[in-house]
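Welcome, and thanks for taking a look at this one with me. Please open the structure below and keep it at hand while you read.

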Amino acid sequence: MSAQDDFLKTIISHSKEYGFIFPSSEIYDGLSATYDYGQYGKELKNNIEEYWWKSMVRMHDNIVGIDSAIFMHPTVWKASGHVDAFNDPLIDNKDSKKRYRADVLIEEHIEKIRNKVHKEVEKAAKRFGDAFNMNQFRSTNPRVVEYDRQIEEIENRMRQALESGDLQALKQLILDLEIADPISGTRNWTDVRQFNLMFATELGSVSGEASVIYLRPETAQGTYINFLNVQRSGRMKIPFGICQIGKAFRNEIIARQFIFRMREFEQMEMQFFVRPGEEMEWYSYWKEARMKWHRNLGMGDGLYRYHDHIKLAHYANAACDIEFDFPMGFKELEGIHSRTDFDLKAHEKYSGRKQQYFDAELNQNYIPYVVETAIGLDRMFMSVLSASYADEKLSDGSERTVMRIPAQLAPVKIAVLPLVKKDGMPEKALEVYHKLKLEVNCQYDDKDAIGRRYRRQDAIGTPYCITIDQETLDKQTVTLRERDSMQQERIGIENLVSTVTEKTSITKLLTKLS
Ligand code: ATP
């Protein structure tokens, strides 16, 4: 098993042990790729949502938020192209009986070649030291040049096959690249087939009256069909945006890798409506703004990179991902898409109702173009978990597991700990706790020795602990211990609320962003 697999397993078991994420329906042996958020998971999720919502809606005068229904008229999905084109190419291995996405198998093969390039560059950088010129090396080293040529060729073949829907060509590419099933190790593949990702169910209880209805695979369509409602009721002027946070459902061919790919997940999406012809400017704007939002968390700039799409979705004229260095390697965390006027135009056609905006400045009616930012809340959650987890050896020889979750996202902001369970300390600690809990999510804990209580808080990522001791009773001061440095300082009880909220509130993140 690779170190990556080990790390992923560690995160999964830590998440379960400490109440972040549980496998769903566990008493019935679970349901594949379905997870429940536990008591700390829910808090962390809320905080991520708050950071996203406030940075998008509250920080932009021209962006508002809505909450549309999961069920929509079935024609919505006909118009959007999902009924006909929301497919993934699937392929089975006849020996392992495992199912894969054909494009993902090829992408993973490309990633292996990229890793070889990366290793060559690293080796050369070490050999040449300060004199190393990366651009020169990449364009002249014969091995690297050959790897780059291979990548380009594979990407071209894959793009052509996907764009023309040539499933046989996709299979041929897998055979030519000699891609083997990671489980059986064989190349005994079935043909590639298209598989629609939408879950369908029936509406209505009387047979005959029932009609097919879909669980939405994205929140975006709920925004498009409300575009004019919001524009008119809010007297919005273009450019303006509409945000949504909500569940989406996709019958993924392979749903694995923990909460990275699930069949029921949550999205945070923003549709930004612009003048036709100005979409590329806004696409660049949002590409940059969204990267800034991620890096603003301070988990490490090197954890993120852009990836331009090889194959554009049926609605897009430009698209890229912000990828995150997950335990499985760099993978999509967020997508930024220039969706043109595809969706609104289609809804105008299928509904027979105009989906146009009157631009008073131009004295002109038009269907706006749309730039979308779409991030998975669960993937964002997983990025925070994996960047935060650390096993540490301390200077006194002991060990600790600490979740270095950005303080503003941490589920519990502060723990209130009486040093000992006597001499009036618990009473004083409870008094402080009851005051603090009005302001931030905090915990009171008086069980076990103080060191063990610190470890428990480290494991759930609590950024601050305060200890109530004899001096608290005498002088109204407490020790404030910081999670990462483990440094302690003494502060007055009267300053506690302001100190803690200053260090842990989302406001601080928003201030850095603006
Ligand atoms: P992928 O290529 O990984 O299937 P996608 O490009 O289809 O993702 P989008 O349609 O752009 O994804 O959806 C926006 C975001 O929703 C993604 O960036 C991702 O964070 C999240 N997401 C998509 N599918 C899933 C899923 N099955 N489970 C969890 N999150 C998902």
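What follows is a short tour of the ligand site and then of the sheet.

## The ligand and its shell

A note before we start: this is a predicted model. Around the ligand there are 16 residues, and E252, R261, M262, E332 and L333 are the closest. By type, the shell holds 7 charged, 5 nonpolar and 4 polar residues.

One lies 2.6 Å from an N or O atom in the E332 side chain, and a polar side-chain atom of R250 is 2.9 Å from a ligand oxygen. L333 contributes through its backbone, where an N or O atom sits 2.8 Å from an oxygen of the ligand. On its own the ligand has 600 Å² of accessible area, and the protein covers 88% of that.

Which elements give two or more residues to this shell? They are strand 10 (264-274), strand 13 (329-340) and strand 16 (369-376). Strand 13 gives the most, with 5 residues.

## The sheet behind it

If you trace the strands, you will find an open sheet of 7, in the order 3-9-10-16-13-12-11 and with mixed pairing. Strand 3 (63-65) and strand 11 (304-308) are the edges; each has a single partner strand, so one side of each lacks a neighbour in the sheet. From one strand to the next, the twist averages 25°.

Strand 3 runs parallel to strand 9 (residues 240-249), joined by 3 bridges. I63 has G241 of strand 9 as its bridge partner.

## A helix on the sheet

Helix 11 (residues 279-295) packs on the sheet and touches several strands, including strand 3, strand 10 and strand 12 (318-326). The direction of helix 11 makes about 150° with that of strand 13.

Note on methods. Residues are numbered from 1 along each chain as its sequence is written. This is a predicted model: local features need pLDDT of at least 70, side-chain atom pairs count only at pLDDT 80 or more; totals for chains, interfaces and linings use all residues. Side-chain values use heavy atoms; hydrogens and water are left out. A residue is near a molecule or strand if one of its heavy atoms lies within 4 Å of it. A polar contact is a pair of N or O atoms within 3.5 Å; within protein, one must be able to donate a hydrogen and the other to accept it, and residues adjacent in sequence count only if both atoms are side-chain atoms. Accessible areas come from the Shrake-Rupley method with a 1.4 Å probe; for residues, only the protein chains shown count as cover. Helices (H or I, at least four residues) and strands (E, at least two) are DSSP runs, numbered from the N terminus. Ala, Val, Leu, Ile, Met, Phe, Trp, Tyr, Cys and Pro count as nonpolar, Asp, Glu, Lys and Arg as charged, and the others, Gly among them, as polar. Two strands pair if DSSP finds at least two bridges between them. Axes are lines fitted to C-alpha atoms, for helices over the stretch in contact, and angles run from 0 to 180 degrees between N-to-C directions. Contact means heavy atoms within 4.5 Å.
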